[in-house]
Amino acid sequence: MFNWMSLIVNRSLKTAVLTSPLKGRIAIATFLLGLFLVGLSPYVFAIDPSSHIDRALALSPNDGYGFLQLCTRAGDDRVARGPSKAQRMQRKIPPPAKAFDNLYFIGSHWTHAWALTTSAGIIIFDAMDNAWEAEHIIHAGLIELGLDPASIKYIIVSHGHWDHYGGAKYLQDFATAPDGTGARVVMSEIDWQMIEAKKPFKPRPGRSAPPPMDMSVSDGDQIVLGDTTVKIVATPGHTMGTISPIFSVYDGTAEHRVMLWGGSSFNFGSDKPQQLQAYIESTQRAKVLAREYGVDTLISNHALYDRAIDKLGLMSRNVDSGNLFVLGQQSVATTFDVIEACAKATLTKWQAEAQPLLTRIVNSSSELE
Ligand SMILES: [Zn+2]
């Protein structure tokens with residue numbers, strides 16, 4: 001990208017040294033202009049997010065309500081916004097459903113939990129917004145599915161936000177025996193500390209207090225329950241302690257490897273570009289690890305991104321559809337490319353907004369809503 005600038009700088013330097021005083025002054029002026037342009041170039045050339053959106057759209061042309069939704073933060077009209085958070089929260093709660101022989105969806109159109117059954121009890125991934133939902137959606141959903149909520153052994157919380165930890169304490173209390181043995185609430189140490197730092201908890205409608213600090217995990221740890229192993233992958237970005245577990249699921253005789261992308265949106269604010277840079281690096285690392293571990297299925301904890309409710313509906317109506325959660329390893333890699341492109345588009349926009357004069361000159365048409 002900067003070859004022509006290097007050319008200006010190099011030629012003007014050589015000219016300044018080798019030719020007459022007048023030519024030398026012109027050459028020095030050219031040299032200084034070159035330096036100015038080189039200094040300006042990261043802003044001028046990185047300022048337009050549309051090339052990243054182009055890439056995301058090319059990779060994911062039909063995925064309007066999947067992870068491509070992450071591109072909406074970059075404010076490009078070509079990516080249509082899905083339903084708002086408020087709209088998703090108001091929609092009728094869908095029935096709990098089996099996604100694989102050992103993995104069940106339980107949740108709302110806004111946020112959801114997954115129940116992974118093992119030979120020694122249940123692992124719950126994420127716990128929705130609050131105790132009411134834990135009782136009336138997760139607990140009731142497990143019973144509706146023929147599963148025993150008292151057999152929950154782990155509640156693995158992807159990250160320390162209220163819409164994922166809110167129901168954890170209810171589930172933990174329910175599944176804890178009188179002798180104190182029972183469910184552990186698992187989160188990264190970084191996000192346990194983030195929650196601690198925000199105490200005291202301020203009650204707000206629809207939110208429950210975070211669970212008391214319990215079990216910490218970090219990158220590379222494994223949680224083993226009976227015949228099942230969950231590998232913990234640190235994917236800092238959405239929060240700096242976000243984790244994205246990898247585990248096996250079964251569909252008849254077929255084994256598939258799942259990664260649950262623990263934190264999706266870039267909602268931490270444009271004043272934290274370094275956090276979005278960490279997110280970008282996490283998508284790149286997750287893509288490598290997904291290939292290494294044979295991940296062919298990528299799920300989320302918000303149906304906006306993994307389209308879990310749409311997929312379960314289609315699968316229930318058409319038994320010949322196959323398992324729509326199984327993307328294949330190549331499509332998982334492509335999905336990470338989409339997520340990365342959306343993150344880069346957003347970071348570029350934030351950088352542009354941090355340069356208000358240049359933003360006005362070069363890219364006046366991409367303001368956020
Ligand atoms: Zn979150």
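**Exercise 1. Is M128 buried or exposed, judging by its C-beta neighbours inside 10 Å?**

Before you start: this is a predicted model, where local features need pLDDT of at least 70, side-chain atom pairs count only at pLDDT 80 or more, and totals for chains, interfaces and linings use all residues. Residues are numbered from 1 along each chain as its sequence is written.

*Solution.* 
- Step 1: A residue is buried if 20 or more other C-beta atoms lie within 10 Å of its own, exposed if 12 or fewer, and partly exposed in between, with C-beta atoms placed from the backbone.
- Step 2: apply it. M128 has 30 C-beta neighbours inside 10 Å, so it counts as buried.
- Step 3: find M128 in the chain. It sits in the loop between β4 and α5. Helices (H or I, at least four residues) and strands (E, at least two) are DSSP runs, numbered from the N terminus.
- Step 4: check the backbone. M128 is not a glycine, yet its phi is positive, about 60°.

**Exercise 2. Now do D126: where is it found, and what is its phi?**

*Solution.* 
- Step 1: D126 is found in the loop between β4 (121–125) and α5 (131–144).
- Step 2: its phi is positive, about 70°, although D126 is not a glycine.
- Step 3: D126 counts as buried because it has 28 C-beta neighbours inside 10 Å.

**Exercise 3. At what angle do helices α9 and α12 pack?**

*Solution.* 
- Step 1: know what to look for. Two packed helices are described by the angle between their axes and the distance between the axes. Axes are lines fitted to C-alpha atoms, for helices over the stretch in contact, and angles run from 0 to 180 degrees between N-to-C directions.
- Step 2: read off the values. Helix α9 (residues 273–292) and helix α12 (residues 329–353) pack at about 170°, and their axes are 9 Å apart.
- Step 3: name the arrangement. That angle makes α9 roughly antiparallel to α12. (Under 35 degrees counts as roughly parallel, over 145 as roughly antiparallel, 65 to 115 as roughly perpendicular and the rest as oblique.)
- Step 4: list some partners. Residues making the contact include L276, I280 and T283 of α9, and F336, A343 and T346 of α12. Two residues are in contact if their C-beta atoms, placed from the backbone, lie within 7 Å.
- Step 5: sort by class. The contact of α9 with α12 has 13 nonpolar, six polar and four charged residues. (Ala, Val, Leu, Ile, Met, Phe, Trp, Tyr, Cys and Pro count as nonpolar, Asp, Glu, Lys and Arg as charged, and the others, Gly among them, as polar.)

**Exercise 4. Which residues is T346 in contact with, leaving aside its neighbours within four places in sequence?**

*Solution.* 
- Step 1: T346 is found in helix α12.
- Step 2: its contacts, with those neighbours left aside, are R73, A74, F266 and L276.
- Step 3: take R73. T346 and R73 are 273 residues apart in sequence, but 6.0 Å apart in space, C-alpha to C-alpha.
- Step 4: T346 has 27 other C-beta atoms within 10 Å, so T346 is buried.

**Exercise 5. How do α5 and α7 pack?**

*Solution.* 
- Step 1: α5 and helix α7 (residues 168–175) meet at about 60°, with axes 7 Å apart.
- Step 2: that makes α5 oblique to α7.
- Step 3: among the contact residues are A134 and I138 of α5, plus Y170 and F174 of α7.
- Step 4: by class, the contact of α5 with α7 has six nonpolar, one polar and two charged residues.
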